[in-house]
Every structure is written in C-alpha cells, then in structure tokens.
Amino acid sequence: MSDLLLGVDVGTQMTKGVLCKPDGLILASATVSHPTNMPKPGWYEQDAETCWWGDFCRVVRQLLAETGAHSSEIAGVGCSSMTPNTVLLDRAGAPLGPAILYCDSRSIEIYPEVYQFISEEQIIARNGFPLGAHGGWQGGQLLWIRRHRPEQYNHAVRMLGTTNFLVFKLTGEFVADYALAHCNVPFYDQTMRTWSLPTCQLLGIPVGLFPDRVGYSAEIAGMVTANAAKECGLLEGTPVILGAMDTNADMVAAGVTEPGDVGLAYGTALLGAKCLTQPSIEGAYANDYVVPDRFLFGSGVGTGGALTRWFRDAFGLPEVEAEARGGPNAFSALSELASQVPPGSDDLIVVPMFGGRRVLLGDRVAGGTVMGLTTFHGRAHLYRATLEGTCFETRRQLESIAPWVPVTRVSSVGGGTKNRAWTQIMTDVLGAEQHCFPETAGAPYGDAYLVGIGIGLFRDFQSFRLSWARGGYVVEVDQQAHQAYNRAYSLYLDAIRFLQLERAF
Amino acid sequence: MNDPLLLGIDLGTTRIKVGAFSLQGTVLGHSAVVLTSAHSWWPCVKQAIRACLQELDASRVGAICIGGQGPTLVTVDAEANLLGEPIPYDDPRAAIEASDLSIRLGRNLSVRGSYLPRVVWLQKHDPDRYAATRWFLQAWDYLILKLSGSAVATSPGGIYDPWPRADLARLGLVHERFPLPARLGTIAATVASNAALESGLPEGTSIVAGGGDFLLSTMGVGGAQKGVAQSQGGASSAFTLCWDRPLQGNEIAWSIPSPIDPALYNCGGPITTGGAALDWLMRDLLDSGAEYEDLLGSAARVAPGSDGLVFLPYLAGEEHIGPHLRGAFLGLSLAHRKPHMIRAVLEGVSLAAKSILSSLLAAGGQPEQVIVAGGQSRSVLWNQIKADVWGLPVVTPSIEDPGCLGAAAIAATGLGFYTSLKDASRNMAHSACHFLPRAEQAAFYQEEFRLFTKLLRHHVELCRELGQLSKDATL
C-alpha cells in the first residue's frame, strides 16, 4: 500500500527529511550536512547539483534504508527550502555556476541600475517590498549575474530557487508556489499573482526565464521521472507537489491555518507570523501562505536563540562550567536563575535588536539596549529582562499586524520551546495560551503534511490538529504575571520610542 | 621639635585611615581599620592610631588633624556618649527641612552640604533624642570630643559651615548645643590624659581643626591652585575645577569658595555612581569570579568606543540632572562580551565627568590638568581613558589615599611650620604619574562625547516619562 508521505527541507547548513504515516507518525528522519562557500566577504554560494540535489538523494536513500520501506510505498513528495536563492540553468537543465544564497549581499550594487528604470514605489506597489528588504531578492541576484557573469547569463534559459530546482530535477517541470515566485522581486507582481511583464520589458529580462506555472504549495507539480527515480531511489511516477518556502512549511508544522492563528518559531532568530485573509494591510505586506486565501504577516525579533546563547557565552560562565562538571544544562540553570526575579525584572528593560531587524515595520533600530539599570539589578535580572525583551518585541510586532483580528491560538516550534521559562514569559506577555512543540521535525514535517493535502489524503487543513499536532505541551496564562507584564510592556514601548529618536546611533 | 610627625586621620564610611607623615609629606606610617557601626568609631580610631605608630616614636607626634565623611550629624549626651545612630551625609530624609531652611534663612542649604536640616528633622520627628542631646556634632568633631574632652565645631568657612547664632535663634534652636567654632588650620584642642593612655598619643598633643574629605584630599593632592581640576573618589566621585571666580553652568552643581585659599573657588558636580558602576558591573551583573585586574586587562584590548557600545552610568540618578535617571547600555550586539561592557563602563564614567568638564569650559574655566585619586586611580587603563576623553593631562598623586596626607598638611600649618594651608599643600603633596592625552584617541572621544550627550539628553526625557509611568502604574 502506498500511503507514506515524504517531506524534505533544504536549509543553510543541512538538508532534513522525514517519512510519515498518514496519521502524522514519523517513521524515520534523516539529516545530511552541507557546506556553504564564502569566496569573498559577503558572498555565500552552494552547488545546486551536488549539494541541493545530491543531498536530497542521500536523504531519500537514508529514509528508505532506515525504515526498510519500498519506494512504491511512498505516496508523494514535498520539498521546502531557504529562500531567495538563485541558480541559472542551461538548455540541458544543468546549472551555470554556483547558486547565490539569500544571505549574499553582492546584489546591493545593482539597485541603482534598477531604479533608473522603475521606481521603488512601483516595486512596492506590485510586491509590497522594496528591493533591499529581507536582504535582497532573486531579481537582484539575476541582474548581478547578467552584469558580472555574462557567460552564464547568455547561456541561461531558466532561473530557479532551491525548492523549484529540486522539483525540476524530480519532474522536469518548471514551477513555483506563490510565495517562492514572490521572491523574484521585482519581476513578480503580487497583485496579479504572476510575472510582471512590464518590469521584464523595462529591464530587458525575458519572462521565459521564470517558472511556467505558479500555484499553491500543495498542488501537484508532476511525477518523478525515470531519470530522477534512478538517481534518488524513488519510484517513477510518484507525485511531487509544488513545494514551499521554509518559513511557511514551519508554520504548517506549528498548526497555523486559520485567521487569527499566530505561529512562533524559536530558532536562532525568533520569528512570528499571524494568519489573515487579506494580502496587505496598511504599512505591512504578507507572504502568500500554503492555505488558499490565507496570508501570513511575518515579523522577526531578529535575535532569539542567538540572544540566549549570547547571554550564556558572555555571562553564563558559572553555568557552563557547572554543566561541564556534569551539572545541569546551562540554559536550564539560567532559566532557574531568571525565575528568582519577578515578572517585569524590577523595571529593567532590554530591547533585543542585537543583530538589527529582519523585518522592518517602518522603523529602524540599531543595537540592543539595556535600560533602567540601577545597582539593585544583577545578572539574574539581566537574563530575565533579555527573555522578556524578546517577548515584548514579539507582542509589539504582532499587535501592529491587524490588531482588530484577535489572536485565537499561538503555536510554537523550534529549539527555544524547550526553555520553559521563556515560553511561560511569552504566554504571560501575550496573554494567550500557547501550544509548544519542541520535538516537531519542523519544515519537513510540514512538507509531508502538504503532500497529504496535495494527493487528496486530507480534505482540508483542519485535519492537522486532529492527529498531526503531536506531543508538545500547553502553556496557560498566569493572569497575575500578565498584569505585571502589561505595565512592563508600556515601559518597553516608551523605550522603543526613545530609540527611534536615535536613528543616527 | 624640628622634625615632628604629623598624624592625619580620615574617617571614611567604611574604613578609618591614619597616616603619619614628615614635614615633606613622606609617609612614615599608615594603618586602616574597617568600621562597623558608629559605636565602633572611637575604639577603631584608637586601634588605628596605635597601629600607625607601632614602629614609630610616639613622642615625636607634633599634631594631629581629623576629617572625613560629612555632613553627618552625630548627637551625644553630656558624657560624650552617642545618642542613637548618626544621620549620615547621604541620608535624604531631611530634604524637606533643607528646602524649608533655605527659604527661611535666604541661603541655599542642602542635605549634602549641611547637617543643620538634620537637626531640624530631629527636632520635629524625634523630640526625645533632640531633647536629650548635649552636643550636635560633625562625625570628626565627635572624635575630637572623645580625644580632648572639648566640644568644638571645626572647619568654619568651608562648605560645612557652622551657623551664626542669630540664624539658630530664628529657627528656635538652642545655640548652646552647638559647639563654638574653631578655625580651619588652627589648634582647636589637645589630647586629654585618659585618651592619651588609650590611643598611645602623647598627652597634650595639639589637635588642629580639619574638615570634610574633599578638603582633606584637595590638600593632599595640591589641588587648591587655579587651573587644577580634580576627579577623586572610589564608589562615588566628582569633577571639580579650582578657579579664581565662581562658574555657572548646566552641569555645575556647586561653585563655592575654597576653604584653603579664599581667593579661589571649587566649581564642579558629582558623579554619584562612578567607581560603584564598575563594582556593580563586576560583582552583580557579570557575577564574575575572575580577578579585577584580569578583567580590566581584558578591557584594555577592546578598541576605544567599545565597538559601538555606550554606557550611561547614572545607576542611582543624579540630583542636578534628574532623580529618575537610570543607567543604560546602548548599542549592544551579539559580538559584545564582558571586556566590551567593562570598557564601556570606564568610558561612560569618564564621559559623564566630561559633561561637567565641558560646562566648566563653557563657563570660562581653563583646566590645565586633572588630578585623579582614590580607588579609580589604581587602574592605569582608566587613567589613560580619562586623559583621552577629557583631552587633558591626568595626574595621580604619590600616595593612593591623599586624605590622610591632607589632614597632616593641615596639622603642619596649625603648628606654624607653613605660613598657609596653600603653602603646606604645595610642599607636602607630590605627583606620581602623568597620563597625556593621545591625539588620535582624543579626537575619537570628542565624537563619542557628542553622541553621549545626545543620548543622555533623550535618556533624561525617557527616564522622566518612565518614572511618571511607574508612579501611575503603582497608583
């Protein structure tokens, strides 16, 4: 019987895959690490063929070997990836040079050229984002290649991102889901949900470079070809869905489906997203989501787990040493320390923008800030205030997104959800019950679920919560702490206003 | 006695220090005893004097002088026994009385500058203690009373000025309970026989009138000269310039005649949590077991500007800038570690002093050098940062605790070995190290100071709002 669902996510450092039963039980998971090349400062590259596709094949073979499943038991395949990445393909479908990654900053120099032909306002009107938002887009990467690697550009017939490349390798189809197509700013038109012909003409880019079809993530892109089957070990004819971007797949795995749902990912960066039924609200723009007519308004505190790690490394020497001697985990010990301090940290305020912001909501803040310091405050205060700062910032950003849509449910994934002190503070700051899934496989799990939607195994996205939202724990609101945080939060907002005065800083 | 020993005694908040000096200011003996409560002051001073004189010929002691913390109000009965705990100089409880007195007497009195408001506070809030009091005394005058059996009010003309009798009468205070004044630098009393036995001092040793710790340390570093600035202190500190006229400005909290030379004025302001900021960072925030010296050494390897990190050192507010003011770290990134924070604290405290310095400059003061003393001056790194931030040579005195030397110089004047306090100070105080500003760093810190000032201005506003908000939320 073929009912197993395969999900694979390509991240910056590794490719992860899971093989799931229709009820969400994970039969096996597999991970393959891969390198990122940094040929110059600010340049980040990977090899599409050996790294993206090669690791996909390795993960699939590992999963089959580990479960003993036959490839015929796999009902469908779904992929997701980091984005926006760019690779150009020649007539034979082979990559022309290394792929440029999302974190690469080289295309910034291209923006003035773009603005000669099309204004920033026009780009924002079509896509909601200017060229430089989120560190840059595939459009900029393409134009950089045209200027500096003409030998590649002149032979290119296609340009793809990571997920799209894997789907092409599997099926021979050039497709993208709405969210990944959107990453081709300025050559996409979010309002029309297709490629922007006027922009392509103005900038002299043939529209044929871009995928032939754009749709929802769970739609079937095609079937595994004989060639691909030979390389990766899947059965020829296995259905493949369009695939997703990693953050969307993460939110699927967190169970975000309905308007008012909020998903939090406690990763290196703390990401939050609120699900709405409209693509834009004043001052903010959405990504297309995987659920039809649902849009995710994302926010990023910027530093989440990176901040707790910073604290451990900069201030947590006693805990790190104790852990090395066989004591408790340093993060648990620090959480214990934080619990000695009352909610609100005795008016100590930490503004957590230690690494700049990932998403700009019309304001700019550079640098983390510790305010309200007195000689009464110690290390425990600073740690608690640091955790609280990330939660205040999350609340601030979520409140700026359609405040008239009440938050119905908060679901959280990521390594940071193991930190009970942190999730309790978040719940009490937001004043909303939180469902945490520390053990979820994340994006590849979401991919596997999307496959089930695509092949018609599930009727709608509601089914996720029935059996796929597994394990985890629920954090209830402590009303007394919530009241204390409401007061501390107003202090935090004042501090933010202060920092906004300091743009020159 | 051509080569007398001069004993300087500095009653601090945590320790009492005694130093024995030659007429040239050479240290011949030194001791320090940790104080617990005020009841330990008298036993501790005797212990410290004995320890200081242990290796010396006590009969050579020509004179002693006592000064220290103030204005602290001490109350004693007719047998010179302490009544209750002293009300220390940093106790704010008489603030209302201070502003009331300022209006009634038509001159500015603050709880930091005078103990009179504390007397009025006692009269109102502790009438029993007030009624039982024989003498209202400064802390050091209490020790003089114990040593000599005579009650005197030393240091008239300084900032701890005793009050004209007419004033006391107008306030309804019994003037007989305030001792008669003894002029700074003159013999005020002599050591009585029983005290001589207990302390090891010769009976009849002259006790020369001294004063507060700022006066003492100014004497001890040779700071009473036009154009000499001082930034002394450990936990809390100040930045002052000696100038030939009073200077007015935003950051200038005081401008008062120098008790050492009536033609000069001490103009400046406080940095309430100077060294305390560093202690707090090391002990409470970093909770570090590492040695002070190692941590400071690590801060030396961080470039000026602490990689974008700025520290505002107002951990306990600052009366003349804003009581709600608090400390802050601004511009933190994931790359910052302890050494950055330590350097930021050293820089922040120095920049806070520069705020006062720039007000002094704007008012027409022209400092030529800054003498630093006290705990902060032990750090070579900090001294160099100060020189670079202030753009002025920074000088450290030859002894770490100049308070005792200053008292000894006053004692030498009282015995007539010097014609004036100024003369004594100039001959007995010596400098040790000079730190010169480095052009490149000084230019950098000039920019950094602009940023600091701007941040501070906004931060004062924010803290005022936050203070208001906290109050509202508590209501």
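1. Between chain A and chain B, 8 residue pairs are in polar contact, both residues being at pLDDT 80 or more; a polar contact is a pair of N or O atoms within 3.5 Å, where within protein one atom must be able to donate a hydrogen and the other to accept it, and residues adjacent in sequence count only if both atoms are side-chain atoms. On the side of chain A that touches chain B, helix H11 (305-315), strand S23 (368-373), helix H14 (379-400) and helix H18 (479-500) each supply at least two residues, and H18(A) gives the most, with 7 residues. Helices (H or I, at least four residues) and strands (E, at least two) are DSSP runs, numbered from the N terminus.

2. This is a predicted model, in which local features need pLDDT of at least 70 and side-chain atom pairs count only at pLDDT 80 or more, while totals for chains, interfaces and linings use all residues. Residues are numbered from 1 along each chain as its sequence is written, chains are lettered from A and ligands numbered from 1 in the order in which they are written, and side-chain values use heavy atoms, with hydrogens and water left out.

3. In the interface as a whole, 36 residues of chain A are in contact (heavy atoms within 4.5 Å) with 34 residues of chain B. The buried area, that is, the accessible area (1.4 Å probe) that two parts lose on being put together, summed over both, is about 3,000 Å², and carbon and sulfur atoms give 67% of this area.

4. S23(A) and strand S16 (residues 327-332) of chain B run antiparallel and are joined by 5 bridges, with A:Val370 having B:Phe329 as its bridge partner.

5. Within chain B, the loop between strand S4 (61-68) and strand S5 (74-76) holds B:Thr72, which is buried at a relative accessible area of 1%; buried means under 20%, exposed over 50% and partly exposed in between (1.4 Å probe, protein chains only). The side chain of B:Thr72 makes a polar contact of 2.8 Å with that of B:Gln69 and reaches the backbone nitrogen of B:Tyr89 at 3.1 Å.

6. Over all chains the count is 35 salt bridges. In chain A, A:Arg106 and A:Asp104 meet in one with an N to O distance of 2.8 Å, and both A:Arg106, at 8% relative accessibility, and A:Asp104, at 3%, are buried. Another joins A:Glu113 and A:Arg147 at 2.5 Å, linking helix H2 (residues 111-117) to helix H4 (residues 138-148) of chain A across 34 residues; here A:Glu113 is buried at 18%, whereas A:Arg147 is partly exposed at 39%.

7. In chain B, the closest N and O atoms of the salt bridge between B:Lys422 and B:Asp261 are 2.8 Å apart. The two residues lie 161 residues apart, B:Lys422 in helix H14 (residues 421-428) and B:Asp261 in the loop between strand S13 (254-257) and strand S14 (265-271) of chain B. B:Lys422 is partly exposed at 28%, while B:Asp261 is buried at 10%.

Terms used:
Pairing = 2+ DSSP bridges. Salt bridge = Lys/Arg side-chain N within 4 Å of Asp/Glu carboxyl O.
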